[in-house]
2 protein chains.
Amino acid sequence: MTHPFDSAVALEQGGEHTATGATHPAYANMVGPFGGITAAVMLRAVEVQPDRIGEPVSLTVNFTAPIADGGYEILTRCVRTNRTNQHWIVELTQDDEVKTTATAVFGIRRDTWSDAQAEMPAVPGPHSVAPAEGSGFVKWIDNYDMRFVVGSLPGIGAEPSPSSVSTLWVRDRPPRPLDFASLAAICDVFYPRVFLRLARPVPAGTISMTTYFHVTGDDLAAHGDDYVLATTEARRFTRGYFDQTSQLFSPTGALMASSHQIVYYKA
Amino acid sequence: MTHPFDSAVALEQGGEHTATGATHPAYANMVGPFGGITAAVMLRAVEVQPDRIGEPVSLTVNFTAPIADGGYEILTRCVRTNRTNQHWIVELTQDDEVKTTATAVFGIRRDTWSDAQAEMPAVPGPHSVAPAEGSGFVKWIDNYDMRFVVGSLPGIGAEPSPSSVSTLWVRDRPPRPLDFASLAAICDVFYPRVFLRLARPVPAGTISMTTYFHVTGDDLAAHGDDYVLATTEARRFTRGYFDQTSQLFSPTGALMASSHQIVYYKA
């Protein structure tokens, strides 16, 4: 049986550097699809190019307009190939309207001095934390097994939180071996930080999201379908836009990805 | 007299959405220009478009290949205009080779609930910290008055640092009223974190840089030519790429910009 994630990011190759895909009902958000699945599709569109070199290093996705339910076309353009890295521009359109743009850097990694600077927060293991209950609110959440250590979605009667931090164990539901595309999607699983601060949902949506990948394909193969520890916090909410900065760790404490986004809100 | 920064980011408008500019010797780096001045040029190229709405919210700059000394052409494309924001793609070329790409989001800000989450590090004021001496190493550094509180460029005989943090007061030299373009440039004033960790320079260069702006034009006017407190740290160095994440504060403690980059290195 095909995992819903694989169905949602499936692309049919058209002419050179063009492909078609379609939104998947399992990943529907309030308006249009879950941003994480769109990020995954934009990355996958580059991954499948025959002239692509290396593995993902950096991905910036700009959500220009809501994607309507149904089909879309993706145009990938290789802007530059260097000896050890490659730059891409990706555009997702529906009826010739640009709905999402992305830039991606792929690179060939080499053995050299390496070191972690970020430290994983001290938390109980995923099996010691209760899974969050489905919200019934948006469809895509059902595709993730989320276990909040701190900062779960505020319920009715919750108090505003002075902190903007959420930390959770998360993996695909049903479990699926992690790959670059699903890691890119998981970087967007956090609900908007403004909900936590105000203890209520308000209109909010990611405008631009940038992810830096710190793992190789071999690291991902070793990780398998295990949980990822995902933590995020906001830095400033100001006049309709806030940023949030996130880190995703393997259970062994290795930083797998750093991800940042700027979010529109109306409080 | 024209400030060198203004000369360096000057553009001559050509046809619709095209402009020409040139590298400026005062902002030369080891190879090509200082990345910050290129980021400033990419932002300025959008700012001057007659159909641009709002002020900068987000800017991602991808350094695809070294810019040669001399002229360049910049193509800006408005991908999407929404009610309160606008998405742009920018490409800088020399002889039809793409040397830099960028995506930018501009937005109209509204009064709504706002709050700072990030706190400025407790540091002495800029006039209590000695200015860094010119390196003689790269030209562009002379255009900045940098006063390191921690993490100055390691000199000969320095010990490797377990920390990747640098914090400094910085402003243009000679002083110049801060605007979005110069703020975008200052987000790149940090030398590569790997130099600090290893206590020696190694080949390194920014590949992609994303900045989120938290200020309005009015905030910048109030700031004038005062210092900015800039702080940065790395999260993970792994097999040839590391990321660094930065925050720029006004002297009154307001977060003016959050900035992130992924850097190539060879240790």
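I count a salt bridge when a side-chain nitrogen of Lys or Arg lies within 4 Å of a carboxyl oxygen of Asp or Glu. Arg77(A) makes one with Glu91(B), with the closest N and O atoms 2.4 Å apart. The count between chain A and chain B is eight salt bridges.

Ground rules: the model is predicted, local features need pLDDT of at least 70, side-chain atom pairs count only at pLDDT 80 or more, and totals for chains, interfaces and linings use all residues. Residues are numbered from 1 along each chain as its sequence is written, chains are lettered from A in the order written, and side-chain values use heavy atoms, without hydrogens and water.

I looked up polar contacts next (N or O atoms within 3.5 Å, one able to donate a hydrogen and the other to accept it; sequence neighbours count only if both atoms are side-chain atoms). I find 50 residue pairs between chain A and chain B, both residues at pLDDT 80 or more. On the side of chain A that touches chain B, strand β13 (residues 255-265) gives the most, with seven residues; strands are DSSP E runs of at least two residues.

I then took the contact as a whole (heavy atoms within 4.5 Å). It takes 68 residues from chain A and 68 residues from chain B.

I checked the symmetry, superposing by least squares on C-alpha atoms of residues with pLDDT of at least 70 in both copies. A rotation of 180 degrees with 0.0 Å of shift along its axis puts chain A on chain B, RMSD 0.0 Å. That is the relation of a two-fold axis.

Terms used: Helix = DSSP H or I, 4+ residues; strand = E, 2+ residues; numbered from the N terminus.
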